[in-house]
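Please view the model alongside the text.

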Amino acid sequence: MAGLYDIGSSGIQAYRKALSVTGQNIANLNTEGYRRREASMEEISATQGGILSVSDQVGLGVRVSDISRAFDGFIAARARDSQSDFSRADTYKDALNTLESVLLPEDYDLTFSINTFFNGISSIAQAPGDLAGRVVALEQGKALASAFAALAGSLDALQTSIESGIESAISSLNIETQGLANIQATLISAGGSGNAANSLLDQRDKSISSIAEFVGLSADYQTRGDATLSLGSTGSGPILVESKNAAALSASFEEGKVNIYASGGGSLRPTKQITSGIIAGLVAAYEAIGQTTRDLDGLARTVMGDLNTVHRSGLTLNGLRVGDMFSLDAIDVHQSTSNLGSIATSISAPAGVVSDATLTLTYDKANNIWNAAKPDGTIVASGTSSVEFQGVTLAISGAAADGDEISLSMSQGKAANMKFLLSKA
């Protein structure tokens, strides 16, 4: 039977340790990722007596049985979901604010340029023979075309910036998931019995919280202390982190849309499970800018079509028929900087034949021929001194070296290409 001194000593030792836990909680009040600890007490039982004796029910005092973390999986999940939703909304809001400043600058916007041009046209209607008004209208027409092209260029630059932001966010996410996998490798080694160090569990939860800023996720906690993370809130999305292994995300951009892929099983699988987090906000912003660009292109086509129709029905002051006032087509030709030959190019394209296409022309010296291929490598046209594609002819002269390349980019109906075609009042 323990004496009163032994029982009292055990109580002092136990509560001194509990008080240390309380001090640790106070000291780490503002430590990011730290979760409050709690000391659990249990009685030190007396030993069982013999068969004919009564066991000693007094006991041997008290001791600290465990130091546990204040952690609730349900509350942690709700906190992660809220964090992911806020990150998406905040990121999307910032991108839309930037888009708004591009569309509606403080000084002159597209509406101002359109109104100014129509005011100039109205002044010509009031005095058709006044050359001064016609000269002013010419400059206003050039300014209107420049305003469309400049706005389209600004939207393209903003979308490119958002694209870089998506790639950067995915890269940061991949670093975080790999970091969690490393933490869990240590957890599994140290906590194989289910009693992992609380500091490691804090690191795990902090890492999961960081991942939740980028994407919405579901977490399934294992008895060893590690967690299995999957994309989305349903728990059925692609696995991000499992045990010591981490998947990697990647993205592709096509026609104003973003495709996200998750690695798994040695292959890339597209996923639609990213609906919250920074990446979801950036994707939504990217697609919103793409839609705005398409709307701008539509407005440019309407302006061009209506004004060209009216202009073609009129006559010059000399009584001659006139052509189009605006154009939205563009053809760009660039020679590769690694070309070894000396060549020159010229383009001929009848009005209205330009279509969207990107080609790479490569010179084959053995056969003395230029081959024009699409981005996927499909050869669509060939020629010795000229190559024709969908009505557009690219003439090539000079001495080409084997493997020399020419890039041909054609674009139709885009606000970025808008030009004012008239030069004479």
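## Aromatic pairs

A search of the whole structure, a predicted model, finds 8 aromatic pairs. One joins Phe117 and Phe118. Their ring centres lie 5.9 Å apart and their planes meet at 70°, so the pair is edge-to-face. Phe117 is buried, at 1% relative accessible area. Phe118 is partly exposed, at 38%.

Phe117 also pairs with Phe420. Here the ring centres are 6.5 Å apart and the planes stand at 75°; over 60 counts as edge-to-face, so this pair is edge-to-face. The pair links distant parts of the chain. Phe117 sits in helix 3 (residues 110–126) and Phe420 in strand 19 (residues 419–420), 303 residues apart. Both Phe117 and Phe420 are buried. One aromatic cluster takes in Phe117, Phe118, Phe326 and Phe420.

## Helix 4 against helix 5

Helix 4 (residues 131–190) packs on helix 5 (residues 198–214) at about 160°, with the axes 9 Å apart. Angles over 145 degrees count as roughly antiparallel, so helix 4 and helix 5 are roughly antiparallel. Their crossing is left-handed.

Helix 4 contributes residues including Ala169, Leu173, Leu180, Ile183 and Gln184 to the contact. Helix 5 contributes Leu200, Arg204, Ile208 and Phe214, among others. By class, the contact has 11 nonpolar, 7 polar and 2 charged residues.

## Gln184

Gln184 lies in helix 4. Is Gln184 buried or exposed? Its relative accessible area is 0%, so Gln184 is buried. Leaving aside residues up to four places away in sequence, Gln184 touches Arg204, Asp226, Ala227, Val241 and Ser243.

Key. Residues are numbered from 1 along each chain as its sequence is written. This is a predicted model: local features need pLDDT of at least 70, side-chain atom pairs count only at pLDDT 80 or more; totals for chains, interfaces and linings use all residues. Side-chain values use heavy atoms; hydrogens and water are left out. Axes are lines fitted to C-alpha atoms, for helices over the stretch in contact, and angles run from 0 to 180 degrees between N-to-C directions. Helices (H or I, at least four residues) and strands (E, at least two) are DSSP runs, numbered from the N terminus. Angles under 35 degrees count as roughly parallel, over 145 as roughly antiparallel, 65 to 115 as roughly perpendicular and the rest as oblique. A crossing is left-handed if the near helix is turned anticlockwise from the far one by less than a right angle, and right-handed if clockwise. Contact means heavy atoms within 4.5 Å. Ala, Val, Leu, Ile, Met, Phe, Trp, Tyr, Cys and Pro count as nonpolar, Asp, Glu, Lys and Arg as charged, and the others, Gly among them, as polar. Buried means under 20% relative accessible area, exposed over 50%, partly exposed in between (1.4 Å probe, protein chains only). Rings of Phe, Tyr and Trp (its six-membered ring) pair if their centres lie within 6.5 Å; planes under 30 degrees apart count as stacked, over 60 as edge-to-face and the rest as tilted.
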